[in-house]
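Open the model in a viewer and keep the selection panel at hand. The stops below can be taken in order.

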Amino acid sequence: MTEMILHEIAHARSGDKGNRLNVSVIAYRQEDYPLLVEQVTAERVRALFQGRGVGKVRRFELPLLKALNFVVDDALEGGVNGSLNLDGHGKSLSFLVLTLPIRRP
Amino acid sequence: MHIGCGAGFSGDRTDASAPVVEALAASGCPSYLVFETLAERTLALAQLERRRDPSAGFTPYLADFLRPILRRCIESRIRIVANFGAANPMAAGRRALAVAEELGLSGLKVAVVEGDDLLDAHGIEAVRRWPNDEDAELAGRDVIAANAYLGALPIATALGQGADIVITGRCTDSALALGPLMHEFGWAPPEWNRLAAGTLAGHLIECSGQITGGYFADPGKKDVVDLDRLGFPIVEATRDGEIVVTKPPGTGGLVSEATLTEQILYKLHDPAAYLTPDVTMDITGVRLRMEASDRVHVEGVQGRPPPPTYKVTVSLDGGYLAEGEISYAGPNALARAELAADVLVKRVKGLGINRPVRCDIIGAVSVFDDDRGLRRRGGSFAPGGDYRVRLSGSSDDRVTAERIAREVVALYPTGPAGGAGVRTAVTGRVRTVSSYVPAELVRPRVSILGAAGRGA
């Protein structure tokens with residue numbers, strides 16, 4: 001069993017629309033995609049944003065692109081037009097998702 | 001045919017389009033250059049400018065974007081499509097003609113696409129009555145702007161009328177590329193898969209350098225060469241809807257399966273249903289294949305009919321954001337920063353302001369934190385170091401916002417030891433909500449300016 005953070009095996013990008021955030025998580029290697037599907041769950045992503053009072057978290061699987069797409073409602077505490085956060089767009093938050101611990105059997 | 005991107009947002013580099021234009025000119029294919037400079041809230045700010053000055057309200061950098069490449073584009077028959085119009089497409093069209101004349105280029109045809117401005121078309125009472133996604137009550141509120149995201153058809157129409165330059169206001173970002181493809185290849189409903197391919201082509205290049213290594217580089221993990229002279233993207237499309245993404249030779253950056261995947265999913269929600277007025281795009285079947293260095297082939301995008309509604313961004317006055325920052329460094333800096341944050345929160349509450357205020361300690365945790373600072377409270381950080389306290393708050397009026405920001409300035413003589421480098425800012429804000437209106441309420445129109453020296 002190897003422990004690592006998600007950043008070791010995947011890259012990610014954030015985008016905002018109003019108060020809704022999407023984060024894509026993309027495996028560098030096809031053989032790591034099943035680890036993403038198994039361990040990078042909507043529940044774990046939701047827990048990362050818990051302090052922000054997030055709403056629904058949806059996860060979409062894109063096996064041909066070896067990617068997951070997360071859509072997180074109410075993640076931006078008002079979004080770019082209302083947030084008090086320095087990063088009202090949530091552009092940095094892809095790297096928060098990349099801090100998730102991952103175990104490789 | 002080839003479509004190059006000249007800019008992906010209003011503050012984009014103005015020197016990146018020249019290598020794109022050279023590559024387009026050398027291709028020998030029908031070529032277009034597109035500029036996307038209209039973020040969600042940019043239009044509301046432009047509308048406020050237009051209220052002050054009826055000849056203003058379009059992108060302030062229009063001339064900076066056009067001057068470096070316009071002559072070469074006209075000489076090489078590269079046509080330009082740009083959403084420079086913002087709140088005043090007609091004024092932007094006139095400005096584009098004036099720039100051409102300054103460069104000694106006469107006889108240009110500039111097409112202006114209007115009809116996105118629904119506040120102008122239907123009036124404030126109608127806009128207030130439309131349901132919105134946040135269930136915001138708009139009765140009695142000042143509506144600054146209400147603009148529909150137009151599709152690609154008016155752009156294709158304008159090109160069909162022989163325009164050298166097409167200027168739009170609000171339209172979908174992808175329409176800037178789909179319009180030329182519809183014009184050049186005759187794509188039209190019900191060729192949904194082709195319209196989806198054109199939409200994807202536009203979506204891929206709409207954020208300029210974000211598909212060529214920008215917003216991507218992560219040293220040691222995702223290395224990108226010469227980010228300082230990043231090449232902007234070019235998409236090559238065939239009549240059958242095949243797409244290749246590349247960038248100009250000799251420029252910095254990277255085009256790879258990884259850069260494309262990040263950009264395909266950028267701001268995309270349900271991958272099976274990306275909604276535009278032209279087509280509903282489904283990218284779940286998309287496959288990417290590296291053809292050569294900095295060349296990626298895209299296939300498998302599918303389309304379905306579009307929704308019967310247009311998305312409308314409604315902009316309202318959003319009050320003011322107050323911000324102030326102060327630094328503490330060296331031994332015990334974290335404790336001094338925490339003390340400063342505590343003082344600031346007490347002082348703002350003492351002003352009788354009942355809105356949330358937020359304090360971050362930059363260097364400990366800031367952008368990852370929430371408004372209550374739970375990550376900072378639960379975290380553990382070095383007691384000495386180089387920390388910067390950031391206070392932010394909001395107000396409906398500017399005077400109160402300035403009062404909040406001044407509390408940070410006042411820390412110089414009244415706060416913890418060694419407080420340094422205060423900066424404050426008060427910024428006007430715009431609040432936006434989205435409405436979805438029946439398509440028949442949106443009537444795009446195309447006007448042609450110029451063409452003095454040529455037949456129409």
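Does Arg388(B) count as buried or exposed? Select Arg388(B): at 17% relative accessibility, this residue counts as buried. The model is a predicted one, and this is the starting point of the tour.

Glu325(B) and Arg388(B) form a salt bridge, in which the closest N and O atoms are 2.6 Å apart. Glu325(B) belongs to strand β14 of chain B and Arg388(B) to strand β16 (residues 385-395) of chain B, so this pair ties together parts that are 63 residues apart in sequence. Glu325(B) also counts as buried, at 19% relative accessibility, where the cut-off for buried is under 20%.

Now move to Arg295(B) and Glu236(B). These two form a salt bridge with their closest N and O atoms 3.1 Å apart. Arg295(B) counts as partly exposed at 24% relative accessibility, whereas Glu236(B), at 18%, counts as buried.

Glu114(B) is in strand β4 (residues 109-114) of chain B and Arg445(B) in strand β18 (residues 445-450) of chain B, so the parts tied together are 331 residues apart in sequence. Glu114(B) is buried, with a relative accessible area of 15%; Arg445(B) is partly exposed, at 43% relative accessibility.

Over all chains, the structure holds 36 salt bridges.

The last stop is helix α2 of chain B, residues 42-52. Colour its buried residues, which are Leu43(B), Ala44(B), Ala46(B) and Gln47(B). Look down the axis of α2(B): the buried residues fall within an arc of 160°, so they line one face of the helix. In an α-helix there are 3.6 residues a turn, so residues three or four places apart point the same way. Finally, show what covers the buried residues of α2(B): this includes β5 (143-148), β14 (309-330) and β17 (420-438) of chain B. Strand β14 of chain B is also where Glu325(B) lies.

Methods
Residues are numbered from 1 along each chain as its sequence is written. Chains are lettered from A and ligands numbered from 1 in the order in which they are written. This is a predicted model: local features need pLDDT of at least 70, side-chain atom pairs count only at pLDDT 80 or more; totals for chains, interfaces and linings use all residues. Side-chain values use heavy atoms; hydrogens and water are left out. Buried means under 20% relative accessible area, exposed over 50%, partly exposed in between (1.4 Å probe, protein chains only). Helices (H or I, at least four residues) and strands (E, at least two) are DSSP runs, numbered from the N terminus. The arc is that of the directions from the helix axis to the C-beta atoms. Contact means heavy atoms within 4.5 Å. A salt bridge is a side-chain nitrogen of Lys or Arg within 4 Å of a carboxyl oxygen of Asp or Glu.
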